[in-house]
Amino acid sequence: MSISGLSNIPRPAFFYVLIKTLVLATLFNQNLLADGRASAFSPPELASSQHWQRLLHYEDGRSEVVSSAFFLADNGDTDPYAELLATLDAFAQPLDEFQPDEHPVCRFPARYRWLQSQGANMRSFDSVIVGCPEFQHWSDNGNLNSASVVFATGYLGNPASYYGHLLLKFSSAEVSSVSDLLATSVNFGARIPDQENPVTYIFRGLFGGYTSTFSHAYYYENRELYGDEQLRDLWGYELNLNEDEVAFLASHVWELIGQEFDYYFTLENCAYRVARILELITEEPIINERSPWAVPITVFQALADQSYGDDPLVREIELFPSRQRRFYEKYADLNQSERSATRALLDNDFMLTDSEPYQGLSDIEKTRVVMALLDYLEYLRISEDGAETDSAASEYRRRLLVERLNLGDQDVSWSPVREQPPHLGNPPSILGFGYMGTAEESYLTLRGRATSHDMLSLPAGRVPYSALTMLDLELRFDGEMVSLNYFEPLRIETLGISETGLPGDRSHAWRIRAVVEPALPGCSNCTTGKLQGGLGRGVRLGNLGAFYGFSDLHLQYPEEHGGVIGGSASVGFVTQSDAFWAARIETGGHVTFDDIEQVEPFIRVQQRFGNRPGWDIRVDAEHRVDSQVNVRFNYYW
Amino acid sequence: MKMMKKTGAIALAAAIALPAVTVSSTATANPNPWQDCGLGAMVFPDNGTAAAISNVIWDLGTTALTSAYSSPDQCQGANIEAAAFIDSGYPHLEEDTVAGRGEYASALMNIYGCDASSHDAIMSSVQEGFTDQVANEQYAALSHEEKAFGYYEMVTDLVGDEYAGTCTAS
C-alpha cells in the first residue's frame, strides 16, 4: 500500500521521516491483541485507511476542513500520513507538561480512541482524558449513551430553510430520564455576516464565499429556535449504537466544533456534513457521492433503510411537535362542548367567569380548554413575528394561568393524531418517463426533477397543502426529433390552510412559478418563458382536502398567443392523503391585458396513483383552447 | 430609555406586593444575570448588541455561555445556566408551574442540582410563589426580562434557603 507523499520528500528529510516512523512505530507498537495474538501497529497503513481519512474529512486527496487548527502537521490537510505522525507525536507528550484542557488529546479525543483501537500502545483513554475537564463536562463525564439525528421540518418563511435542517443530539441516561432539554445538541451552519444583503446572501450561499462550522448548545436552545420561534416540528431519529460507539461519535463531533468548512447551499450543507460524520460508524454511505446535491430528508431516508449489524440503524423515532402543531393537536382533540367554550372565550375576551359555555364544563374539560388556549395565544404571539404584542393578549394569558392554578391538579390526557415520520415521504428527486397526447401529436416524454415535492406528493414530512419544486425538466420525442416540453426552474405554492378557523390562525395562499413551456397545452411550436405569481385563500374540508381560489398575474416572453402580461382567476380542490389515489382539479379563466374581454376558460386535472415513496403514476389532463393528456411513471430517488 | 420605563413599571409592581420582580442590583445583593452578566444583551438586540446575538445563538453552550458572559465581580452567586434556561423557555415554565409539573420544571430542578425526590415539593413551593406573582394584574404589563428575573429570583431563593439541603447549585 503506497505511502502518500513519501517519495516527494527531499533526501535528508526522507531519512528523518523514516527514522521517526520506525521510532513511533516502536513506541506505539501494541504487540498483543485481546486474545493474545501478536499484531503490528502500522502507521503507513493506517494513514491510507478510509477510517483515518474520514476522521480528517478527506475528499479527493484533501481535507474539507479549511481551518488550520484542525491539523497538527503543517501539511496535514493534504498529507494524511504526516498528520498521523504528528498526531502520534502529540499524543506521546506527557500529560503533566500541560495545563488542563491543553493536551492534544483534549482536542482530538476521537483520534486517540481510534488509534488505540488500532493497536497503538497508549495509556487508556480514561486515564488521559482526566486532563480534559472541558471535554469531560461536555460529554457528561463519559456517560453519553444516546445519539440522535434530528430533522427540523421545512420552513416556507425562509428560502434557506425550505428543505429542512439537521441537528445532532447526544444524551445520557440521567438526562433522558427527565427530558432531552438538557441534552447536548450540535448544529451546523454557514457564518453569515450581519446585515448581509439578499443578493450577496443568495450568490455566496449557492456559489461559495461563506465558511461554515459546527456549534453546540443545550438542546432546549434548538427546541426553542426551531420548535417555537420558527414553528417547525423536530423529529429525532435515535441511532442503534452502543455506549462506546456513541462516545466515539461524540468525541469526533467535539473535534469539529469551531472548525471551518467551505459552505455550498446545494451540496456541502448540513446534510452533507452530518452524513460524513455518521459514515464513520455506518456500514453504507448515507449521501450518494455522485449526487450533485444533498437534501436533508435523504439522510433520514438512508438512516431508516440501513441496518447496523443485525438490527435497524434507527432505534426509535420521536416527534417534538412545534408550538403550532401542539395547538392544532389539542384543538383537534377537543370535544364539541370544549370547542364551543373555546370560541366563546375568544368572543368575550377571556372573561372566564362570565362565560356560560365554559362554566358548564367539568374541571377536566376546563383544563383542556385552558391548555389549548395557552398554546393558541403563544402560537399567535410567535406567528406575529414574536413580538411581545398587545397588552390584551398578555392579560388573556395571565387570566388563563390564574385559572389553571385554580383548577388544581387535573389528570388530563390527549390523543393526538400523529403524522407519519418524514422519511416515509417521497425522496426529493424524480426520474420519469411517459406519454403525452394532443389533438395532433403523440409523444414519449422523459422527465427529471431535482427537488422536492408537489401538491400530490405523499404528505409525510412536508408542510401540508404545499408545493416546492426546483429544476423540473421534461423532454418530448415525436418519433423523429427530441425537443423541450417544459423547464420549470422554480415553483412554490402554499394554500395557507387554517387547521382551526380561529382568529389569527390563517394566512394567505400564495404561489410563484418560473417556467419555459408551450403557451397553450397541445401547442408544439409556441414555447415561451413565463413568470407567474398569485394570491388567494384556502379552506380545509375536514380530512377530504381543501378548496382554494387564486388570482394570478402572468408575464410571458416572447408573446405567444396573447400579450406579455396576463392574468387569471381560478378555483380548485386538492385531496391531501397518503391513500392510493389523490387528485387536484383547478378551473378558471385566463385573460391577456392586450385583449381583456377575451376570457379563455381552462381546466386542469391532476391525479396520482400509488402511495409508495419510491414511485407513482401520474395522469394529467389540461384544456385551454387546446387539450393535452400526460401519463407519467415517476421514480423517486 | 428602556431601563427607565422598566424601572417605573417595577416600582408600580413593587408597590402592590410583587417583591420578586426587581431589576436593580448591587454587588452585595443577588446579581441579576440579565443586567450584571450579559444575559440581557443576548436577547435584547435593541440595546446595541445585535452583532453578537447571531453568534450567541449558535454558541449558547455551557462553557461558551459561562466563559463569555460571566463577570467575576458582578456575577458572583449568579446561576447563569438557570437564568439562561428560564429566559429561553419562560412560557413553558409558566405553563408547567401552574400545572405543578412538566418537562421544563423538571429540567430546571436538575439545573439547580436538586434531588429528584424533592422536585415535587420544590415545585409546590414555586407554584405558591408564582401564584402571588401572576395573581397581580400588573404581571401582564411586565416585560419578558422582568417576568423571567422575577421567576429566577424566586426559585433561586427557594432552593438556596428552604431546599438548600437537597439542591447543590443555588
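**Helix, sheet and interface in a predicted model**

Trainee: What residue follows α11(A), and is its phi positive or negative?

Mentor: Helix α11(A) is followed by Leu231(A), and the phi of Leu231(A) is positive, near 55 degrees. Please keep in mind that this is a predicted model.

Trainee: OK, what does His165(A) touch?

Mentor: Leaving aside residues up to four places away in sequence, His165(A) touches several residues, among them Tyr226(A), Phe188(A), Arg232(A), Cys270(A) and Pro296(A). The side chain of His165(A) also makes a polar contact with the side chain of Asn187(A), at 2.6 Å.

Trainee: Where does His165(A) lie, then, and is it buried or exposed?

Mentor: His165(A) lies in strand β4 of chain A, and its relative accessible area is 11%, under the 20% cut-off, so it is classed as buried.

Trainee: What order do the strands of that open sheet take?

Mentor: The seven strands run in the order β8-β6-β5-β4-β3-β7-β11 in chain A, with antiparallel pairing. The edge strands are β8 (260-263) and β11 (314-320) of chain A, each of which pairs on one side only, and the twist averages 30 degrees from one strand to the next.

Trainee: Which helix packs on the sheet?

Mentor: Helix α12 of chain A, residues 243-256, packs on the sheet and touches β3, β4, β5, β6, β7 and β8 of chain A, while its direction makes about 60 degrees with that of β3(A).

Trainee: Back to the strands: how many bridges do β5 and β6 of chain A pair over?

Mentor: Strand β5 (residues 184-190) and strand β6 (residues 210-218) of chain A pair over seven bridges in the antiparallel sense, and within that pairing Phe188(A) has Phe214(A) in β6(A) as its bridge partner.

Trainee: Switching topic, how much area do chain B and chain A bury between them?

Mentor: Chain B and chain A bury about 3400 Å² between them, with 56% of it on carbon and sulfur atoms. The contact takes 42 residues from chain B and 38 residues from chain A.

Trainee: How many salt bridges are there between chain B and chain A?

Mentor: The count is five salt bridges, and one of the salt bridges joins Arg397(A) to Glu94(B), where the closest N and O atoms are 2.8 Å apart. On the side of chain B that touches chain A, the largest share, seven residues, comes from α7(B).

How values were computed. Residues are numbered from 1 along each chain as its sequence is written. Chains are lettered from A and ligands numbered from 1 in the order in which they are written. This is a predicted model: local features need pLDDT of at least 70, side-chain atom pairs count only at pLDDT 80 or more; totals for chains, interfaces and linings use all residues. Side-chain values use heavy atoms; hydrogens and water are left out. Two strands pair if DSSP finds at least two bridges between them. Helices (H or I, at least four residues) and strands (E, at least two) are DSSP runs, numbered from the N terminus. Axes are lines fitted to C-alpha atoms, for helices over the stretch in contact, and angles run from 0 to 180 degrees between N-to-C directions. Contact means heavy atoms within 4.5 Å. Buried means under 20% relative accessible area, exposed over 50%, partly exposed in between (1.4 Å probe, protein chains only). A polar contact is a pair of N or O atoms within 3.5 Å; within protein, one must be able to donate a hydrogen and the other to accept it, and residues adjacent in sequence count only if both atoms are side-chain atoms. Buried area is the accessible area (1.4 Å probe) that two parts lose on being put together, summed over both. A salt bridge is a side-chain nitrogen of Lys or Arg within 4 Å of a carboxyl oxygen of Asp or Glu.
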